[in-house]
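This briefing is intended for a reader meeting the structure for the first time. Please look over the sequence and the model before turning to the notes below.

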Amino acid sequence: MNVDLSDPRFTAIGLLTEAFTGLRGHFEAQLDQHRLSIVEFEVLMRLARTPSHRLRMTDLAGQTSLSTSGVTRVVDRMDRDGLIRREACSADRRSSYAVITDAGLERLDALLPEHLEIIQRWLVDPLSPGQLDALLEGLRKVRDAVNPCATAGTGEPAELPAEPASA
């Protein structure tokens, strides 16, 4: 064999994949209890974290794991469920916005405390604060390299809020 199978690049991608797969399993089980797929949750979170609570459909596709046609199908389904709505773009009749509804925000509000517990237990707790900062910095660099459209339409990328000071 001409390739060294102990190359640390294989280890890096393998660990990333294994970590993602494990986290995704915990997330899917939790989201299923709230009648949401992981993709629907991703759409709701993208819209909720955007200051205007809306994104052009093309920007939403760029920020998610969906194609333009895939985002259309998900938005149509979520629109029927009342979680988001479409809104015409006055500046460009070819474009439309996906906008999170009050029902979509309520669904997120119901599931986010438990979701944060999962993130805390399986991602944050195993790392020191410095390791978490380094992980976030590294993931942003990789994300920006492989998906430069990931923050399109949102302005600056959102930072994780600082932990509240102990009383």
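A residue counts as buried under 20% relative accessible area, as exposed over 50%, and as partly exposed in between, with a 1.4 Å probe and protein chains only. The model is predicted: local features need pLDDT of at least 70, side-chain atom pairs count only at pLDDT 80 or more, and totals for chains, interfaces and linings use all residues. Residues are numbered from 1 along each chain as its sequence is written, and side-chain values use heavy atoms, with hydrogens and water left out. Helices (H or I, at least four residues) and strands (E, at least two) are DSSP runs, numbered from the N terminus.

**Helix α4**

- Helix α4 covers residues 68-80, 13 residues in number. Its first and last C-alpha atoms are 18 Å apart, close to the 18 Å expected at 1.5 Å a residue, where the expected span is 1.5 Å times one less than the number of residues.
- G70, V71, V74, V75 and M78 are the buried residues of α4. Viewed down the axis of α4, these buried residues fall within an arc of 130°, so they line one face of the helix; the arc is that of the directions from the helix axis to the C-beta atoms.
- On the face of α4 turned away from its buried side are the exposed residues R73 and R80.
- The buried residues of α4 pack against α2 (38-49), α3 (57-63), β2 (84-88) and β3 (96-100), contact meaning heavy atoms within 4.5 Å.
- After α4 comes G82, with a positive phi near 80°.

- Helix α2 has twelve residues and spans 16 Å from first to last C-alpha, close to the 16 Å expected at 1.5 Å a residue.
- The buried residues of α2 are I38, V39, E40, F41, V43, L44 and L47.
- Two packed helices are described by the angle between their axes and the distance between the axes.
- Between α2 and helix α5 (residues 102-124) the packing angle is about 105°, and the axes are 11 Å apart. The arrangement of α2 is therefore roughly perpendicular to α5.
- Axes are lines fitted to C-alpha atoms, for helices over the stretch in contact, and angles run from 0 to 180 degrees between N-to-C directions. Angles under 35 degrees count as roughly parallel, over 145 as roughly antiparallel, 65 to 115 as roughly perpendicular and the rest as oblique.
- From α2, F41, L44, M45 and A48 meet G104, L105, L108, L111, L112 and H115 of α5. By class, this contact of α2 with α5 has eight nonpolar, two polar and no charged residues. Ala, Val, Leu, Ile, Met, Phe, Trp, Tyr, Cys and Pro count as nonpolar, Asp, Glu, Lys and Arg as charged, and the others, Gly among them, as polar.

**Loop residues**

- R35 is in the loop between α1 (8-33) and α2. Its phi is positive, about 55°, although R35 is not a glycine, and at 62% relative accessibility R35 counts as exposed.
- H53 is placed in the loop between α2 and β1 (54-56). Phi of H53, a residue other than glycine, is positive and near 60°; at 27% relative accessibility H53 counts as partly exposed.
- S95 is in the loop between β2 and β3 and counts as buried at 15% relative accessibility. Leaving aside residues up to four places away in sequence, S95 touches R56, A88 and C89.

**Residue D144**

- D144 is in helix α6 (residues 129-146), and at 41% relative accessibility D144 counts as partly exposed.
- D144 and R121 are 23 residues apart along the chain, and their C-alpha atoms are separated by 26 Å.
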